[in-house]
Amino acid sequence: MEDQKIDCSENSSILSDMGGAKGFVCHYRFEEGSSQFIFLDVDQETGGVSINNALSFSTSSYLQTISSANGLLLLSGFGEGQLSYHVFNPLTKRPETLPPHGITGEVIRSGLAFDGKQYQVVLVHVFKDEENGLGPLPGDIELEIFSSETGAWRKRQPFRLSFNVEVPVSELFTELNTAPLFSNGAIHWEINGRLLVYHVKDDCCEVIELPNFSEDPSWKPTMTFRRCLWESEGRVRYTYTDIYGVHTWNLLEECEHAVYSHSNVYDREKHRWALVYTVDHTGLAKQDPDFLCPGNQWGTHSISPFAYVEDSETMYLQLPGIVVAHNTKTRGLQKVCGYEFPGTKFNCCSFFPFIQSNGRHQKKASKSLQVGEVVDLPVKQEVNSISF
């Protein structure tokens, strides 16, 4: 196949106006093969949400949402013998389908980087010695990188990278994984208790141990709970739930080591994180016993943090059937969104943070809701239908 260069500066289907407002996308996946994407605007002051019908769309193709970066979505679907990848701008509704990659093994993670003009899609897979039947071994990972500037894939095998990938979670089960984060020019993935970071400009990787990592393979309760990576004030944050509560940590830079060297929450020799705050489950339950109670269908394992909005200091948690907003400053809790489980025909419903572009072509979104108002997400809503 002849390489084709994709110049995003002249391609209106990809070019995005960076610096837009934060929002969410709700992705419904149905067993018969269709998908529906409902976009939500976030009120920066109240933390409430409203549906953005202009961005919402549906497709007859069975798609998975991998990640978002500065107004673009990375989606995957089933192609000829391998997963196919699509970079999609909801503003223009025209997807870019990437050419087939050269990976013959299993893709364990993928991510998207976008600087407003050019994007890169990075696939992480286990490198095996097919000729001798060896692998995988710790450190044996390889990257396959697509650049919109060249329109082609290239291979990159990190050197001197100590990383255990003995039992990776497959990319096919994205709902079990932590969504990747593109922040400060790097893609971040959580894999087996460690953070794999690919620095796009420098074309290099590093591995950082996560704060809830355990050396004991028989004790991994926190790794079975929900986790998320997000950015606040230009810093990478990691949030996870365990039997005690929801914990948020800051990733420290080298210059900050001395600040936390005497703190009992920071072990410089073990990891590069500092605890920001913990929200205990008991405190959450006291806020609203109607939907946070032992008799409900939720459990500590099903509380899924997925986003944070700085202006309103609000963390968003997905529970079965509802999304709640927790104000980390006032400790207030409010239900902001409800969604359905339509029986056996319903397969999966996931929420992802999304930066909504301020592009001049965007139609006016719905009026923001007031404090205490709740939006119910429709299933099989009549929205724009997109072909992939």
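## Salt bridges

A salt bridge here is a side-chain nitrogen of Lys or Arg within 4 Å of a carboxyl oxygen of Asp or Glu. Searching the whole structure, which is a predicted model, turns up five of them.

One of them joins the side chains of Lys155 and Glu144, at 3.1 Å from N to O. Lys155 sits in strand β11 (residues 152-156) and Glu144 in strand β10 (residues 141-147), so this pair ties together parts 11 residues apart in sequence. Strands are DSSP runs of E, at least two residues long, numbered from the N terminus. Glu144 is buried at 4% relative accessible area, while Lys155 is partly exposed at 47%. (Buried means under 20%, exposed over 50%, partly exposed in between, using a 1.4 Å probe and protein chains only.)

## An open sheet

Five strands line up as β20-β21-β22-β23-β25 in an open sheet with mixed pairing. At the edges are β20 (304-309) and β25 (375-376), each pairing on one side only. Two strands count as paired if DSSP finds at least two bridges between them. β23 (residues 333-338) and β25 run parallel, with two bridges, and Gly338 stands opposite Asp376 in β25.

## Aromatic cluster

Phe37, Phe39, Phe57, Phe88, Phe354 and Phe388 make up one aromatic cluster.

## Reading the numbers

Residues are numbered from 1 along each chain as its sequence is written. Local features need pLDDT of at least 70 and side-chain atom pairs 80 or more, totals for chains, interfaces and linings use all residues, and side-chain values use heavy atoms, leaving out hydrogens and water.

Key:
Rings of Phe, Tyr and Trp (its six-membered ring) pair if their centres lie within 6.5 Å; planes under 30 degrees apart count as stacked, over 60 as edge-to-face and the rest as tilted. Helices (H or I, at least four residues) and strands (E, at least two) are DSSP runs, numbered from the N terminus.
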